Amino acid sequence: MSNLIACNLNSYRQYRDGAYEHLARIGLTHVEIPCPEPEERDAVQRELDGFGLRASSLIIRCEMHADDAVQRFAHSLTTVAEMEVGLVFTSVKTGGIDRDFVYGRLQDIGDAAAERGIVVAMETHPDLVTNADVALETMRGVNHPNIGVNFDTANVHYYNEGVDSVEQFRRVSHAVAAVHLKDTNGAFQTWHFPALGEGIVDFPSIFEIFAGHGRNGPYTLELEGIQGESLTRRDVERRIEQSLDYLRDRGLAD
């Protein structure tokens with residue numbers, strides 16, 4: 001079973017205008033992009049189709065503090081379903097709201113997702129998916145089959161000291177719906193996210209653990225760079241190519 005490898009367009013920084021052409025050229029066929037507004041859906045789909053690309057996940061903002069948070073999210077989920085995408089990426093924070101109340105809203109979002117055949121994956125961000133312990137507590141509180149974790153292999157180091165990403169992933173892997181592939185030097189709260197293979201993340205072990213659950217992804221490249229660097233368009237493209245080559249050399253990508 002081939003692994004599903006995608007690319008988050010943020011990996012292209014300010015050069016996103018050429019992202020689709022570059023991805024098609026290097027043989028990557030899936031992307032993670034923001035969920036379009038209903039009136040933009042057809043144009044977005046035509047552009048993807050024109051480059052032989054497919055959205056493996058769509059990004060929806062989750063504004064948990066808003067009175068109509070669930071309705072807003074459900075509105076976007078309808079567009080996700082119309083584009084025949086089965087996964088949503090989102091970042092959720094309590095924002096000081098009672099945690100049980102947030103769990104309830106996530107259950108309502110999960111119900112709306114289930115009606116449309118969609119799974120919602122919450123990013124490795126404070127304060128609901130900061131690390132394995134917090135993620136497991138959140139998963140127990142929400143307890144919904146359509147709400148899962150988007151495990152970010154570098155964020156778990158950025159937001160925590162002295163952790164091991166493989167151990168963290170192993171503990172929460174049964175609840176993981178998707179993985180962001182991002183390398184890091186492992187330093188706490190340090191913006192250092194180079195090409196895959198240039199940091200400390202043991203990606204083959206991450207893939208092996210997920211495969212043990214019968215999962216082949218989606219794995220999404222998210223190459224957020226290194227603080228202070230200045231890259232040309234070609235530099236950005238090379239980093240994506242290098243990361244894909246790293247996966248291909250290890251038999252993790254076609």
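A residue counts as buried under 20% relative accessible area, as exposed over 50%, and as partly exposed in between. The model is predicted.

**Exercise 1.** Characterise the packing of helix α1 (residues 19-26) against helix α9 (residues 233-249).

*Solution.* 
Step 1. Two packed helices are described by the angle between their axes and the distance between the axes.
Step 2. For α1 and α9 the angle is about 35°, and the axes lie 11 Å apart. The crossing of α1 past α9 is right-handed.
Step 3. On the α1 side, the contact involves His22, Arg25 and Ile26; their partners in α9 are Arg234, Glu237, Ile240, Glu241, Leu244 and Arg248.
Step 4. Sorted by class, this contact comprises 5 charged, 3 nonpolar and 1 polar residues.

**Exercise 2.** Determine how Arg25 and Glu21 are placed in helix α1, and whether Arg25 is buried, partly exposed or exposed.

*Solution.* 
Step 1. The side chains of Arg25 and Glu21 form a salt bridge, at 3.1 Å from N to O.
Step 2. Because they are 4 residues apart in helix α1, about one helical turn separates them.
Step 3. Arg25 has a relative accessible area of 48%, so this residue is partly exposed. Glu21, at 37%, is also partly exposed.

**Exercise 3.** Which parts of the chain does the pair Asp133 and Arg171 link?

*Solution.* 
Step 1. Asp133 and Arg171 form a salt bridge whose closest N and O atoms are 2.3 Å apart.
Step 2. Asp133 belongs to helix α5 (residues 132-142) and Arg171 to helix α7 (residues 165-172); the pair, 38 residues apart, thus links distant parts of the chain.
Step 3. Asp133 is partly exposed at 48% relative accessibility, and Arg171 is partly exposed at 32%.

Definitions and conventions. Residues numbered from 1 in each chain as written. Predicted model: local features only at pLDDT ≥ 70, side-chain atom pairs only at ≥ 80, totals over all residues. Heavy atoms only, no water. Axes fitted to C-alpha atoms, helices over the stretch in contact; angles between N-to-C directions. Helix = DSSP H or I, 4+ residues; strand = E, 2+ residues; numbered from the N terminus. Left-handed = near helix turned anticlockwise from the far one by under 90°. Contact = heavy atoms within 4.5 Å. Nonpolar A, V, L, I, M, F, W, Y, C, P; charged D, E, K, R; others polar. Salt bridge = Lys/Arg side-chain N within 4 Å of Asp/Glu carboxyl O. Buried < 20%, exposed > 50% of the residue type's maximum accessible area, 1.4 Å probe, protein only.
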